[in-house]
Amino acid sequence: MGTIIAIVNQKGGVAKTTTAINLSASLGKLGKKVLLVDLDPQGNATTGYGITKRSLTATTYEVLMGDVRPADAVITTSFENVDLLPATQLLAEAEVRLLQFENKTLQLRKALVQIKENYDIIIVDCLPSLGVLALNGISACDSIVIPMQCEPYSLEGVAELLSTVKRVKNSTNRYLKVLGIIFTMLDKRLMVNRDVMENIRDKFPEELIFKTEIPRNVRIAEAPSHGEPIIYYDGTSKGAAAYIKLAKEVLAKINLERQ
């Protein structure tokens, strides 16, 4: 049975979806059977895999509402070993409708249990908030990865997120772990980036910070508009190399936790 990893940060613009897309593709390239769950009404993970939203008949929304079985909403992508549970703007309605459910933060967990055994790893791309949809993602996963851009106020956002993780552990997901913080869109030529990195490293244990760093890279930024993960759009780029390295580090961390 596979492991579920949520990519979470309530702050937007930190390469959260970019990380979800490229980490899932890289894990697939390394031979792992992967499901990417788009849990963001913007649906950028869906379009980032080249899926046309108007062609969809079942999405994460219908799955959360219990109208469709998860297996019936999953799409086989054209990229190696990666399936997708897509999303559209309709998912925004779930933020309100889920409030009427008795176990409003556990609907995604109940859905993924039905298909978890089909995959080595399930990646959940959470929306940039800490509302009921994001809490569904955190409650459903075994661990979380926190993409973080090295800019002012980032530390405050991470502290708030970790506080939420602690509450979820105490209420609905006692085995939840933080797999690590990953620095994204990094430009070490900028003093502010170096200062924030140093600050984070001072505040958190070394094992909570990924050794892999994702550079600011034009090819990573271009890839989504072509509907391809970076390793397929430009496999020779620094961005592609960084995400393959991250995928290997994620696998090493998962294996270490299982020992």
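How many residues lie between β3 and β4 in their hairpin, and which residue in the turn has a positive phi? The legends below describe close-up views of a predicted model.

**View A. The hairpin formed by β3 and β4.** Five residues separate the two strands, and Asn-81 in the turn has a positive phi of about 65°. The strands pair in the antiparallel sense over two bridges. Thr-76 has Asp-83 of β4 as its bridge partner.

**View B. The open sheet of seven strands.** The strand order is β3-β4-β2-β5-β1-β6-β7, and the pairing is mixed. Because β3 (75–76) and β7 (177–184) stand at the edges, each with a single partner strand, one side of each has no neighbour in the sheet.

**View C. Parallel pairing of β1 with β5.** Strand β1 (residues 3–7) and strand β5 (residues 121–126) are joined over five bridges. Within this pair, Ile-4 has Ile-122 of β5 as its bridge partner.

**View D. Strand β4 and its pairing with β2.** These two strands run in the parallel sense and pair over four bridges; Leu-36 stands opposite Leu-84 in β4. In a regular strand the side chains alternate between the two faces of the sheet. In β4, both faces are covered: Val-82 and Leu-84 are buried on one side, and Asp-83 and Leu-85 are buried on the other.

**View E. Helices α1 and α8 lying across strands of the sheet.** Helix α1 (residues 16–29) lies across β1, β2 (34–39), β4 (82–85), β5, β6 (143–149) and β7, and runs at about 165° to β5. Helix α8 (residues 154–171) lies across β6 and β7, at about 170° to β6.

Terms used. Residues numbered from 1 in each chain as written. Predicted model: local features only at pLDDT ≥ 70, side-chain atom pairs only at ≥ 80, totals over all residues. Heavy atoms only, no water. Pairing = 2+ DSSP bridges. Contact = heavy atoms within 4.5 Å. Axes fitted to C-alpha atoms, helices over the stretch in contact; angles between N-to-C directions. Buried < 20%, exposed > 50% of the residue type's maximum accessible area, 1.4 Å probe, protein only.
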